[in-house]
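Please look over the sequence and the model below before reading on. The text after it is meant to be read with the structure open.

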Amino acid sequence: MNIAKMFGEKVVFSFEVFPPKKDSGIESIYSTIKDLKELNPDFISVTYGAGGSGAKNVDTAELCSLIKNEYGIETIAHLSCLYNTREMVDEILERLKDAKVDNILALRGDITPGLETQNDFQHASDLAEYIKSKDMGFHISGACYPEVHQEAEDMETDIENLKKKVDAGVDHLISQLFFNNDDFYWFYEQVQKAGINVPLEAGIMPVTNKSQIQRMVSMCGASIPIKLAKLLQRFGDDPIAMRDAGISYAIDQIINLVASGVDGIHIYTMNDPYVAKKITESVHNIIGSDNLKK
Ligand code: FAD
């Protein structure tokens with residue numbers, strides 16, 4: 001099913017997971033997906049590691065297949081292109097096709113020091129165009145950046161490039177995490193002005209761990225509002241208090257986004273079903289869908 005077709009009548013509510021790390025077993029991901037299924041998300045997306053899909057036992061395509069075919073949940077396979085040749089992409093597309101995975105989040109991928117880039121694709125738009133040209137029936141999503149992509153000159157240029165991505169065939173966008181909804185609203189307005197009319201989901205990362213958030217923020221450049229900085233300062237060294245404060249902050253963000261008419265909410269679950277459950281329980285009436293199983 002085309003994920004973009006889910007939007008319109010309701011606020012789409014989705015999760016993101018990552019394949020288990022190389023040294024961890026696959027049992028944990030089975031139990032994570034089983035728990036997330038109880039929350040009845042509209043879809044679950046699965047990340048793709050730079051230079052390959054990371055895990056020893058289960059990679060992005062396999063995990064998407066499991067989510068779709070064993071758990072009956074729609075899925076999006078992330079696929080980055082900087083470190084892949086056309087042949088490597090072809091192989092992944094065939095595997096996704098065989099697994100009946102219809103949706104791909106076309107990404108450039110982050111630049112990883114020490115890994116040699118390939119020359120077939122420069123930008124996510126090149127990958128989107130290539131996938132479209134294969135005519136294999138895939139629907140393509142893309143990433144966008146409410147606080148501007150770190151390498152972009154300014155928001156105007158970044159949005160011009162986003163338009164190229166949409167023109168290349170992307171029909172659904174998921175935003176980078178952000179902690180200040182005003183950044184998202186301003187970005188959304190500029191996107192609309194640029195004539196980009198595809199559904200745009202807000203990416204929400206519950207801040208449940210101080211060091212994890214410091215790492216994420218240094219990677220993606222998201223700014224920390226004073227309200228969140230205070231939570232980190234007060235509860236950062238108390239894991240349970242920080243988790244609960246972070247969940248509450250994410251819920252506040254979501255309520256405000258839904259009240260403002262957001263197309264969808266994409267939760268970066270960090271493979272933590274407890275956090276996803278607490279958030280879903282608090283917002284499913286607000287979202288107005290059946291996101292908790294009866
Ligand atoms: P692009 O769209 O190619 O943009 C990268 C930069 O190039 C931007 O500055 C943009 O303005 C510019 N640009 C874009 N198109 C053009 C063009 N045609 N001409 C000139 N300049 C252009 N990374 C992973 O490795 N695996 C994942 O699974 C993953 N999932 C993600 C999910 C989401 C929702 C998001 C927001 C990010 C994710 N990332 C992931 C991180 C992402 O790969 C990085 O942010 C990366 O730096 C940019 O990827 P992109 O697809 O947005 O790149």
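Predicted model: local features only at pLDDT ≥ 70, side-chain atom pairs only at ≥ 80, totals over all residues.

Strands of a sheet pair through backbone hydrogen bonds, and the pairing is either parallel or antiparallel. On one side, strand 1 (residues 12–17) runs parallel to strand 2 and is joined to strand 2 by 4 bridges. Within this pair, Glu16 has Ser45 of strand 2 as its bridge partner. Strand 3 (residues 74–80) is also parallel to strand 2 (residues 43–46), and again 4 bridges join the two. Here Phe43 stands opposite Glu74 of strand 3.

Which way do the side chains of strand 2 point? In a regular strand the side chains alternate between the two faces of the sheet. In strand 2, Phe43 and Ser45 point one way, while Ile44 and Val46 point the other way. All four of these residues, Phe43, Ile44, Ser45 and Val46, are buried.

The next topic is the ligand. The ligand is surrounded by 23 residues, and the closest are Tyr48, Asp110, Tyr145, Asp158 and Lys165. Several side chains place a polar atom by a ligand oxygen. For Asp158, an N or O atom of the side chain is 2.6 Å from an oxygen atom of the ligand. A polar side-chain atom of His149 is 2.8 Å from a ligand oxygen, and for His123 the distance from a side-chain N or O atom to an oxygen atom of the ligand is 3.4 Å. On its own the ligand has 970 Å² of accessible area, and the protein covers 87% of that.

Which elements supply the residues around the ligand? Strand 4 (103–107), helix 4 (124–134), helix 5 (155–167) and strand 6 each give at least two residues to the shell. Helix 5 gives the most, with 4 residues.

Lys68 sits in helix 2, residues 60–70. Is Lys68 buried or exposed? Lys68 counts as buried because its relative accessibility is 18%, and the cut-off for buried is under 20%. Leaving aside residues up to four places away in sequence, Lys68 touches Met1, Ile73, Glu74, Thr75, Lys100 and Asp102. Glu74 in this list is the residue of strand 3 that stands opposite Phe43. With Lys100 there is a polar pair: a polar atom of the Lys68 side chain lies 3.0 Å from the backbone oxygen of Lys100.

Lys100 itself is found in the loop between helix 3 (86–98) and strand 4. With a relative accessible area of 53%, Lys100 is exposed. The phi angle of Lys100 is near 65°, which is a positive value in a residue other than glycine. Met270 also has a positive phi, near 55°, and is likewise a residue other than glycine. The loop that holds Met270 runs between strand 8 (264–268) and helix 10 (273–287). Met270 is partly exposed, at 31% relative accessible area.

Helix 3 includes Glu94, a partly exposed residue with a relative accessible area of 43%. Glu94 and Ala61 are 33 residues apart along the chain, and their C-alpha atoms are separated by 10.0 Å. Glu94 is also touched by Met136, as are Leu93 and Lys97, when residues up to four places away in sequence are not counted. Met136 lies in the loop between helix 4 and strand 5. At 15% relative accessibility, Met136 counts as buried. Between Met136 and Ala4, which are 132 residues apart in sequence, the C-alpha to C-alpha distance is 17 Å.

Methods. Residues numbered from 1 in each chain as written. Heavy atoms only, no water. Pairing = 2+ DSSP bridges. Buried < 20%, exposed > 50% of the residue type's maximum accessible area, 1.4 Å probe, protein only. Near = heavy atom within 4 Å. Polar contact = N/O pair within 3.5 Å; in protein donor to acceptor, adjacent residues only side chain to side chain. Areas by Shrake-Rupley, 256 points an atom, 1.4 Å probe, with all protein chains shown as cover. Contact = heavy atoms within 4.5 Å.
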